[in-house]
Structure formats: structure tokens, C-alpha cells
4 protein chains.
Amino acid sequence: MTRSNRPRYACRLNAFRGADGLPGMLARAADVGGIDAADLNFPDHFAGHGPAEVAALLDRHGLVLNGLAMRYYTEPAFRLGAFTNPDPVVRRAAIDLTRRGLDALAEAGGRLMTLWMGQDGVDYPFQGDYGRMWDDTVSALAEVAAHDPELDIAVEYKPNDPRAFALMPDVGTTLLAIREAGAANLGVTLDFAHVLYAGEMPAHAAHVVARHSRLLGVHLNDGYGHRDDGLIAGSIHPVQTVELFVELGRIGYDGVIYFDTFPDLGGLDPVAEARANVALVERLRAIAGDLAADVGLAAAIARQDAAASMRIVAARLYGAAR
Amino acid sequence: MTRSNRPRYACRLNAFRGADGLPGMLARAADVGGIDAADLNFPDHFAGHGPAEVAALLDRHGLVLNGLAMRYYTEPAFRLGAFTNPDPVVRRAAIDLTRRGLDALAEAGGRLMTLWMGQDGVDYPFQGDYGRMWDDTVSALAEVAAHDPELDIAVEYKPNDPRAFALMPDVGTTLLAIREAGAANLGVTLDFAHVLYAGEMPAHAAHVVARHSRLLGVHLNDGYGHRDDGLIAGSIHPVQTVELFVELGRIGYDGVIYFDTFPDLGGLDPVAEARANVALVERLRAIAGDLAADVGLAAAIARQDAAASMRIVAARLYGAAR
Amino acid sequence: MTRSNRPRYACRLNAFRGADGLPGMLARAADVGGIDAADLNFPDHFAGHGPAEVAALLDRHGLVLNGLAMRYYTEPAFRLGAFTNPDPVVRRAAIDLTRRGLDALAEAGGRLMTLWMGQDGVDYPFQGDYGRMWDDTVSALAEVAAHDPELDIAVEYKPNDPRAFALMPDVGTTLLAIREAGAANLGVTLDFAHVLYAGEMPAHAAHVVARHSRLLGVHLNDGYGHRDDGLIAGSIHPVQTVELFVELGRIGYDGVIYFDTFPDLGGLDPVAEARANVALVERLRAIAGDLAADVGLAAAIARQDAAASMRIVAARLYGAAR
Amino acid sequence: MTRSNRPRYACRLNAFRGADGLPGMLARAADVGGIDAADLNFPDHFAGHGPAEVAALLDRHGLVLNGLAMRYYTEPAFRLGAFTNPDPVVRRAAIDLTRRGLDALAEAGGRLMTLWMGQDGVDYPFQGDYGRMWDDTVSALAEVAAHDPELDIAVEYKPNDPRAFALMPDVGTTLLAIREAGAANLGVTLDFAHVLYAGEMPAHAAHVVARHSRLLGVHLNDGYGHRDDGLIAGSIHPVQTVELFVELGRIGYDGVIYFDTFPDLGGLDPVAEARANVALVERLRAIAGDLAADVGLAAAIARQDAAASMRIVAARLYGAAR
């Protein structure tokens with residue numbers, strides 16, 4: 001877990017939303033200290049700013065562009081689906097919007113596009129043609145991946161929201177779709193709270209992604225596993241957060257950690273909240289570095305002796321008697 | 001949805017458990033009326049009965065052997081894992097037990113072995129080596145599949161139980177493992193309550209299985225999605241049950257429907273409860289046959305118009321105004 | 001279950017939102033057919049319309065005012081709490097807004113105010129002073145109840161949203177708070193999807209409310225118990241919906257059924273979706289009327305014989321063999 | 001959080017089950033180190049041992065009797081309910097068994113009886129008469145409380161298991177029932193994993209219990225909130241565990257902490273696992289003591305500033321930068 005000099009942390013810009021638009025959001029993010037990259041939403045954050053202007057804005061605040069995330073909100077018709085919309089015209093509009101997003105990404109100097117296909121799924125039994133929807137998902141992924149092979153495209157899965165059942169709700173199904181699409185620049189972004197909500201163990205999900213595809217992005221936050229709570233990273237599930245960092249080291253993930261948290265919804269000061277994310281994660285990351293090198297822990301894991309491994313982890317994490 | 005003259009329904013024999021052992025269980029199952037097949041657990045149900053004797057017992061009661069299901073309970077050491085046990089000796093014992101089960105299956109004249117690898121997973125972060133466990137799962141699946149290529153082997157996934165996180169918790173991950181194992185006689189068994197508990201839509205899960213592997217078994221029951229409730233099929237989620245039957249028709253599943261319900265735990269009379277399963281499912285199946293041919297419903301689904309499809313389904317199912 | 005000539009159904013007006021404001025929403029709701037009452041949000045729906053004008057608008061469309069529901073969105077400060085806000089000035093603003101809402105309700109000729117205190121709770125451990133927050137909830141309920149004893153005030157509980165843990169998340173805790181507040185005009189509104197999400201059985205929740213307080217409102221919809229899905233009533237859980245209607249008859253609830261569904265989020269036509277709500281519920285209600293008088297069902301319930309009761313219910317509901 | 005010289009920790013004896021019966025279980029529990037009290041199940045653990053003999057056995061191992069927990073397993077008829085069984089004879093048997101348990105408790109020198117009424121509830125809609133079942137619960141609680149007013153009786157709630165819907169599933173409903181029963185020697189036992197499973201915040205649940213009744217017992221363990229996982233205390237949710245200890249100090253709970261964990265099901269060595277419980281909880285308890293006295297934390301909580309409180313908690317718990 002050696003520290004690279006690559007950018008390390010980004011945070012959700014909309015938490016800093018104000019009357020002053022994107023420039024204000026970036027200024028406040030830069031003011032956090034420790035935030036050195038940014039993810040922007042497309043097309044929202046490009047309203048009134050061309051890609052070159054966005055790049056200049058980022059540069060002015062010392063922020064590197066980590067990537068873009070598509071938002072399919074511009075047309076009410078997307079409510080019934082983006083890549084899987086039953087109307088071919090709307091579906092085409094979703095794909096074309098994504099391609100324009102990829103162009104903006106390239107122009108702004110970024111490399112990573114994140115897709116969260118939350119509209120693509122069903123709310124009801126007898127609502128969708130599962131075969132057609134799956135085909136449409138796979139072919140759209142293939143098409144947007146082919147648009148610019150220099151750009152990486154990450155699918156960020158989530159069990160539901162807004163659809164009650166997403167077509168790509170969990171790590172396994174997402175990897176099946178990516179494998180079918182068959183493009184080398186496709187991969188996965190893990191969001192910690194989505195992973196909990198999907199009933200998965202974060203480190204295991206990261207392992208499965210690395211085994212079958214590529215881990216392209218990591219969103220940290222925390223929650224209770226019942227919904228996408230958007231809490232401060234490490235505030236509820238520190239042990240699983242530390243284990244995820246150990247696994248990230250093992251699979252060689254060296255990308256940005258994006259704090260996908262919702263201080264705005266919770267009435268918290270977003271700057272103080274972002275600082276809490278950085279402080280907690282820096283600490284848990286350092287602990288992960290130590291635990292990754294702990295031979296006693298490795299031996300306990302090799303025999304699945306959780307009583308022993310919990311003693312070691314709790315000693316390092318909480319100072320419990322080892 | 002034409003009716004075949006193949007066996008149609010089996011039920012959980014242990015619900016009929018009594019002092020008289022397997023013969024008594026089979027006698028009571030045969031007494032239900034409508035139950036014409038049986039699934040037995042291995043090795044439990046073979047205690048004191050060789051495969052040939054079991055076959056004769058089934059025949060005496062007019063029951064066809066649908067298949068066997070492995071139970072890894074014979075050694076306490078399996079509590080830490082069967083195919084993924086960190087002790088190579090215990091892991092080997094689990095594989096060998098499965099092979100003996102396959103031999104018993106063949107001798108007794110059945111074709112389908114069901115594997116529920118509930119012990120294979122972790123309870124804690126920092127408990128397991130995910131890479132080694134996944135490798136061990138895939139290689140064990142390949143080995144047992146190779147033991148007798150004439151026999152089908154179905155993985156029945158479940159999110160947890162007894163492990164807090166199963167290695168094969170949902171449809172997507174299970175299909176990834178099966179694909180890696182790469183044997184033509186591997187497939188999936190869907191259990192309705194497990195599917196609900198995994199947060200999946202049953203018909204969609206069946207579709208995904210048929211697309212990427214083979215659907216080898218269907219366990220019906222019902223519940224509330226919070227645990228494996230084991231309730232009477234169709235008692236809580238009739239619409240999703242009907243949709244599953246429509247999908248089973250579409251993918252050509254013509255195997256046995258096994259009622260995996262727990263009247264014994266709930267203090268219900270198991271014969272009356274089994275009759276309720278048959279009565280409800282026969283009715284929901286007939287409704288599914290009608291809906292599969294409904295062109296108005298097909299059109300509503302094609303445009304994802306759930307208001308229209310719910311009107312049609314409710315009219316047919318409850319007699320609501322169409 | 002005799003039909004009264006009181007208004008029977010209302011639906012969520014915001015599903016009909018358009019550029020034409022409240023008048024347009026009311027026109028479309030009236031156009032559904034079967035919707036004869038309306039619930040309005042305060043202060044949102046009163047923007048630009050005084051209570052008398054709202055009453056006239058309703059009258060023009062043949063809609064009776066069922067009641068108002070408070071919305072604590074007007075000040076960003078409410079994000080950290082309304083009745084439990086740690087800032088006494090903000091807390092006072094929330095109570096005063098509620099009192100103005102009660103005045104508007106009285107002026108518009110309604111009798112029922114619904115409070116959903118979703119902001120009042122915590123997102124984190126170590127975030128709130130539980131004792132102070134509970135005291136503040138109880139005293140605010142008492143104060144708003146005392147504002148106009150002629151008006152009924154219903155607490156609509158929900159496990160979370162936006163707070164991760166609501167102070168009044170379920171039926172039991174809500175009834176404890178209402179009992180402490182000690183006002184005769186306080187009661188409860190049940191929302192079917194909230195009840196499922198709280199892990200409760202709807203008919204049981206209705207019974208507990210009637211036993212310890214008063215059931216003042218019923219919101220119907222459906223979902224999967226994992227979140228507030230807002231689906232068409234009866235589309236997923238018809239048996240529990242029917243059981244709820246039987247219980248409503250038993251406890252003498254004769255108020256409006258409000259369809260709290262989200263066709264707009266799901267891309268459905270809101271008029272068609274509202275018609276589906278009416279059609280399904282009318283049917284399930286008629287079935288409930290029959291089952292309430294079924295002596296065989298009463299006998300099965302008296303001995304907790306669910307196999308027998310499911311046969312009877314399925315025969316009446318789906319036409320299964322009895 | 002001054003240390004009393006009262007007994008402090010007990011653990012689940014059945015985790016130590018072996019061929020040597022209760023004496024062996026007690027010997028192994030005493031061997032853990034740090035376990036100085038025991039909870040026994042009635043009637044199971046009294047099979048072959050009278051209360052006086054049990055007391056002597058405990059004494060021999062230096063263990064204080066914390067209390068007994070009723071187990072309604074002796075008659076298959078209890079599967080359909082204990083206090084709420086529809087058969088008056090079975091219901092009477094459940095109450096009488098409880099009274100014998102109370103007599104054994106008194107004879108063995110203990111004071112606390114724990115009731116987990118898991119059988120009392122329903123699996124299906126249309127299965128139970130909710131009014132009759134509630135009445136039966138309340139009157140049985142009153143009757144067993146009156147049997148010996150010197151003994152405390154704690155209700156330990158759990159959302160389900162074995163019934164899909166327990167009559168007393170959460171803190172609020174349990175307190176309503178206890179209030180109706182109206183006996184001074186009734187109270188509540190909180191089980192951390194049950195509380196998580198009920199969707200509650202542990203410290204808040206403890207506060208609500210103390211406000212409306214008495215907190216008589218605390219079961220610690222951990223899990224993921226999806227079921228009763230029975231993991232090592234503090235292994236998953238340390239922050240909520242620490243907050244619970246702060247609240248226990250505030251409300252003056254000075255009773256035994258019982259580790260209700262399942263090493264046996266997970267294939268862990270029960271002695272090592274019990275030592276892990278003691279080590280982690282001792283540490284988290286010490287941290288709770290410090291945080292209870294932290295004026296900065298108190299100030300952050302007073303303004304619901306979770307960013308600030310998480311910084312303080314993480315600094316003390318993980319050593320994160322404050």
C-alpha cells in the first residue's frame with residue numbers, strides 16, 4: 001500500500017451545491033483539503049460550460065478530473081428506461097447522450113465514464129420483457145464502449161432506485177452483462193453502500209470484479225444496508241472498510257476514492273463532512289496497510305479462524321487486547 | 001403450457017418426519033394426492049436403506065425419484081465449509097460424499113443432484129481467502145460434474161444460512177461460478193423464497209438462468225423476502241408466482257415443481273399443507289397458461305405499461321374489472 | 001362492509017403535476033373516475049391559493065377535502081429536524097408552520113391533518129440526544145393537537161426517509177409517543193408500503209392502532225418491503241390487502257382510502273394508474289366483504305390453521321379449488 | 001462507568017455443548033477467563049439436575065447465576081404458540097412451564113427470567129385472531145409476573161423466528177404489551193442483533209426501554225441486520241456498541257452482559273470466541289467511558305453535528321486525526 005503521487009480523493013460535488021453553480025462547488029471542494037480530484041455529472045454539470053472550460057475550472061482549483069458520471073434526467077421519457085427504454089427513439093437518445101458524454105470526457109482530459117443504469121429495470125412483475133431488456137443492455141454497453149476505446153466505462157450497480165428491480169443489481173449480474181458485451185474498456189465501479197445494500201461483503205465484491213473484469217472506480221461512504229444512506233466513510237462499518245482497502249491493495253487498485261455521501265440531505269456542513277471522510281479513511285487505510293502485512297492475520301484467515309482474526313483486527317483498529 | 005405426463009409435483013419429505021423413518025414419510029407424501037415425485041436428502045434419507053431399496057420404496061408408493069439433495073451435516077467439520085473448507089482433508093471428504101451421493105442417485109434411477117453450498121462462505125470480514133475459496137468452489141463443481149456426466153447437477157443458491165455470506169448467494173454469482181466450472185451437466189435450481197430473499201424477481205432469475213446455463217429445478221414456496229419462510233406457494237406473492245410460470249413455459253422448463261415448505265416448523269398439518277400447495281399452484285399455473293396467450297398483455301409488456309398489464313393480470317387472477 | 005355514501009378514494013395529487021399547478025392536478029384527478037376526495041400538501045399546494053380558493057377548486061371538481069399533509073421543506077434548516085430540531089428557533093418554525101396548516105385545514109373545511117415526521121431522527125450513532133428528541137416530539141404533538149381540538153391529527157410512521165432512523169419508525173413506537181402526548185384528537189395513519197417496510201403485517205398494525213389509539217387514515221399502495229415502492233395497490237400483496245380490509249371493517253374504519261403511489265417516478269400514465277388502483281381495490285374490497293362473513297374462515301383462524309384458511313382465501317381470491 | 005464488583009459477563013452455554021452435559025458446559029465457560037456468570041435455559045439445562053444441584057455446580061466453577069431463559073420446545077404443540085396457543089390446554093401448559101421455571105430460578109438463587117416468545121405470532125395473513133392473541137399475551141405476562149413478585153421477568157423481543165411475524169417484534173410493541181400487563185417486575189432484555197434486525201439503533205432502544213419500563217438484560221453480539229447472525233460483539237458495529245455502552249451508563253444499567261453468539265454454528269472454537277467477546281467488549285467499554293465524559297462530543301450531539309461527533313469518536317476509537 002505505497003502511496004502514489006496520483007490523485008487520491010474526490011467527493012460528491014452536488015453536496016456543495018449553491019447559487020454560484022459549478023465554479024462555487026469546485027471552490028468549496030478544493031477548500032476541504034485532501035480532495036484533489038473531481039467527478040462531474042453529465043450533462044448537468046456541463047450546463048453553460050464547455051469541456052475545455054470545465055477543465056480550466058478544475059485546473060484553477062488544483063483538481064484533477066477523475067471522470068464523469070452519466071445522469072439520465074434530461075428527458076422525462078428516461079423514467080421508463082435509458083438503455084432499455086421500450087421506445088427505440090428514447091433508447092437511441094440515451095445512447096447518444098452517453099456518447100456525447102464520452103466526447104466531453106475526452107475533451108476535458110478525463111478517462112473514466114461511470115454508468116449507473118438505475119432506470120433500467122422493472123417496478124412490477126409483468127412489466128418488462130426480460131430478454132429484450134437484457135439484449136438492449138448488452139448491446140448498448142457494447143456500443144458506448146466502442147465509441148472511444150481509449151476511455152474506460154464503469155458500470156456502478158445498485159439493487160434498486162428508481163426502478164424497484166434493476167437489471168444490473170449486484171456484482172454477479174453486472175459481470176455477466178459486461179462479459180457478454182465483451183469490450184476491454186468495460187469494468188465496474190463499486191459503491192460501498194450499494195454493495196452493503198446488495199447484501200455483499202465489500203472486499204469479496206472487489207475480488208470478484210478483479211477476477212472477472214476490472215475494478216475501475218471505488219465510491220466510499222457508509223450506511224446500514226437497508227438503503228443508500230450516504231454516510232461518512234468508516235462511520236458504521238470500519239472493519240469491512242479496512243478489509244476492502246486490504247483487497248484493493250492486493251488487486252492493485254490505485255485509482256481515486258470518491259466519497260459518495262449526502263451531507264446536504266442530512267443537514268450537515270459539507271466541508272466538515274468531507275474532512276471527516278478524509279480523516280477517517282486516511283486512518284483506516286493506514287491500518288489496512290499494517291494488516292496486509294500481518295502474518296498472524298494471514299495465518300488466521302488461511303484456517304478461517306475468525307476468532308483469531310477478529311482479535312488481531314480489533315487490536316490494531318481499536319487497541320483491544322491481542 | 002401443455003400438460004406432460006411426466007411427474008409434476010414433489011414435496012419436502014422431512015415435513016412428514018415421524019418415528020417410522022423414510023417409509024412413513026413416503027407413505028404420507030403419497031397420501032397427499034397430486035404428489036407424484038420425491039426428492040431425497042443424501043446421506044440422511046439413505047441411512048439404513050440402500051439405493052435399490054429406496055427405489056423400491058418409492059415405486060411402492062407410486063412416486064418417481066426426482067433427484068437427491070446433498071446435506072453436509074455428517075461431520076461437524078463441515079460447519080466451516082464443504083467445498084471451501086480450509087482443511088484439505090475435510091474438503092476432500094465433502095467432495096467424496098457428493099460423489100457417493102451421485103452414485104446413489106444413479107443406482108436409485110434418478111438424474112438430478114441438487115447442491116446447496118450453504119456452509120461455503122464467511123461470517124466475518126477477514127475470515128476467508130476469497131480467491132482460494134472461489135477456486136475451490138469452481139474446481140469442486142468441475143470435479144463432481146465430471147464424476148458422472150449422465151447426471152445433472154444443480155446449484156441452489158441462497159444469500160445466507162448458515163454462513164452470513166454465501167459464496168454463491170444470488171443468480172449472477174452462481175452463473176459466474178458455473179461458467180468457470182465449464183461442465184455441460186451443471187445448472188441451477190431456483191427456490192422461490194431464496195430468490196425473493198436475494199432481492200430478485202423470480203421470472204427474471206429464471207430467464208437469466210436459461211440464458212446463461214440450464215434451469216434444472218424449481219422449488220416453490222412463499223415468504224416475505226426477509227428470510228426463507230417456507231410458506232405455502234402462492235399464499236403471499238401470487239402475481240410473481242404466475243409470472244414465473246409464464247417464464248417457465250417460455251424457456252421450456254418441464255421438470256418437477258418441488259414444494260420446499262415448512263409446515264412442521266409452523267405447527268401445520270403437513271398433508272393439508274401439501275394439498276394447499278397443490279391446489280394453489282394448479283390454479284396459478286392455469287392462469288399463467290391463459291396469460292401467456294393474452295395478446296393484450298404481451299402488448300402492454302412490450303411498452304412496459306404496468307398499469308395496463310396489472311389490469312389484465314388482476315382481471316384474470318382476482319376477477320377485477322378489466 | 002356496507003358502502004357508505006361518504007367519499008371513498010383519494011390519490012396522490014403530485015402524480016398529476018404539470019405546468020398548470022393545483023387546478024390542473026385536481027382536474028386530472030377528477031378525470032380518473034372513482035376518485036372523490038383529495039389530500040393536499042401544506043404549504044406546497046397552497047402556494048398562490050388561499051384555503052377558501054382551494055375549497056372552491058375542489059368543489060368545482062366534485063372532490064371532497066379529505067385532509068392536509070404537512071411538508072417540512074420550506075426551510076433548509078428542517079433537514080436536521082422539524083419537531084426535534086436542535087435549534088429552538090427552527091423547531092418553533094416547524095410547530096408554527098403546522099399550526100398555520102391546521103388553520104388552513106379548518107378554513108378549507110377539512111378535518112384531518114397528517115404528519116410524517118421523516119426529518120425527526122438520526123443518521124448516525126452519537127448524533128442525537130434521544131431523550132431530548134423524544135421529549136420534543138411528544139411536546140410538539142401535544143401542542144399542535146391543542147391548537148384546534150376539532151381537528152384530527154394523524155401520525156404517519158415510516159422506518160426511515162430522509163433520516164436513516166426515524167424517531168417514530170413503526171406502529172409500537174408511534175403509539176407510545178401518542179399516548180404520552182395524551183390528546184384525544186391524535187391518532188395514526190397507516191401507509192401499506194411503510195407498514196411492509198417496517199416488517200409489520202398490515203391487518204395486525206391496524207388492530208394495534210385501533211386498540212391503543214384511533215386509525216385516522218389509510219394509504220394504500222404496494223411494494224416489496226425493501227423501500228417505499230409506491231406501486232399499484234393489490235399488485236404484489238393481495239392477500240394482505242384483503243386481510244387489511246377485513247380488519248378495517250372489524251374496527252369500523254369508514255374513512256377515505258388514499259392511493260399513495262408513484263406513477264410519475266415509474267413513467268406510468270397517472271390517470272391509467274389511478275384507475276388501476278380503483279379497479280383492484282374495489283375488487284379486493286368486495287372479496288374482503290365476503291371473507292369477513294365466511295364462517296369456515298373464522299373457524300380456521302380460531303385454530304390458527306393456515307392451511308385451511310389459505311385454501312378458503314385462495315378459492316375466493318384466485319378461484320383455486322376449495 | 002465505574003466498575004462494580006458484581007458479575008459482569010456471561011456467555012451462551014450451548015456453544016460449549018458436549019457429551020458431558022451441563023457440567024462440561026459450565027467447566028468450559030469457566031475456563032474462558034472473564035466469564036463470571038451464567039444464564040441457563042429452562043427446562044433443557046435442568047434435565048437431570050435439580051435447582052439446588054445446578055446452583056452447586058455453578059458455585060463449583062465460580063459462576064454466579066444471572067438468570068434463566070424459557071425454552072418452549074418440550075411439546076411439539078408449542079410450535080403453534082405458547083402464550084398465544086389457540087388450544088387453551090397447550091396455552092396453560094406454556095404458562096405452567098414458565099411458573100415451574102420461575103420456581104427453579106428462585107430455588108437456584110437467581111432473580112431474572114428471560115422470555116423470548118418467538119412462537120407467538122403468525123406466519124400467514126388470515127392465520128391468527130390478533131385481538132385474542134394480544135389479550136392472551138398480556139394476560140399471560142401478567143400471570144407469570146404475579147407468580148413471584150420477587151423475580152424479574154424480561155421480554156426479549158425479536159422480529160421473527162420461528163414465526164414470520166412475532167407479536168412482540170420490536171421495542172415499541174413490546175413496551176405497549178408490558179404496559180398493559182401492568183406489573184412492576186416486568187421489563188425488557190435487549191439483544192444487539194435482534195435490535196439491528198428490528199431496524200433500531202441500539203442506544204435509542206435502550207433509552208426508550210428505560211423511559212417506559214426497565215432494562216433488565218443486555219445480550220451482546222453482532223451481525224449485519226439481515227438475520228440473527230450471532231457474531232462476536234463489536235466485530236461489525238463498534239460505534240453503535242460503544243454508543244450503547246454510553247447509554248447503559250446513563251440509564252444506570254449495571255447488570256450482566258450476556259454474549260449471545262453462535263461460534264458452534266460457525267465452526268469456531270467456543271473458548272477462543274468467548275475470549276474475543278470479552279477482549280473486544282472490555283476495550284469498547286473503556287472507550288465508552290471516555291466518550292461519556294467528552295464535553296466536545298456532548299456539544300456536537302447537542303447540535304446534532306454528526307461530522308463533528310464522528311471525528312471525535314473515530315479519533316478515540318480508531319486513532320483518526322481529530
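1. Basis. In this predicted model, local features need pLDDT of at least 70, side-chain atom pairs count only at pLDDT 80 or more, and totals for chains, interfaces and linings use all residues. Residues are numbered from 1 along each chain as its sequence is written, chains are lettered from A and ligands numbered from 1 in the order in which they are written, and side-chain values use heavy atoms, with hydrogens and water left out.

2. Extent. In chain D, 51 residues are in contact with 51 residues of chain C (heavy atoms within 4.5 Å). About 4,400 Å² is buried between the two chains, 66% of it from carbon and sulfur atoms; buried area is the accessible area (1.4 Å probe) lost on putting two parts together, summed over both. On the chain D side, D:F126, D:Y130 and D:Q304 lose the most area to chain C, together 22% of what that side buries.

3. Salt bridges. The rule finds four salt bridges across this interface (a side-chain nitrogen of Lys or Arg within 4 Å of a carboxyl oxygen of Asp or Glu). C:R211 forms a salt bridge with D:E180, with the closest N and O atoms 3.4 Å apart.

4. Symmetry. Chain D superposes on chain C by a rotation of 180° with 0.0 Å of shift along its axis (RMSD 0.0 Å), fitted by least squares on the C-alpha atoms of residues with pLDDT of at least 70 in both. The two copies are therefore related as by a two-fold rotation axis. Of the residues of chain D, D:G172 comes closest to that axis, at 2.0 Å (C-alpha). The same surface serves both copies, as 100% of the contact residues of chain D recur in chain C.
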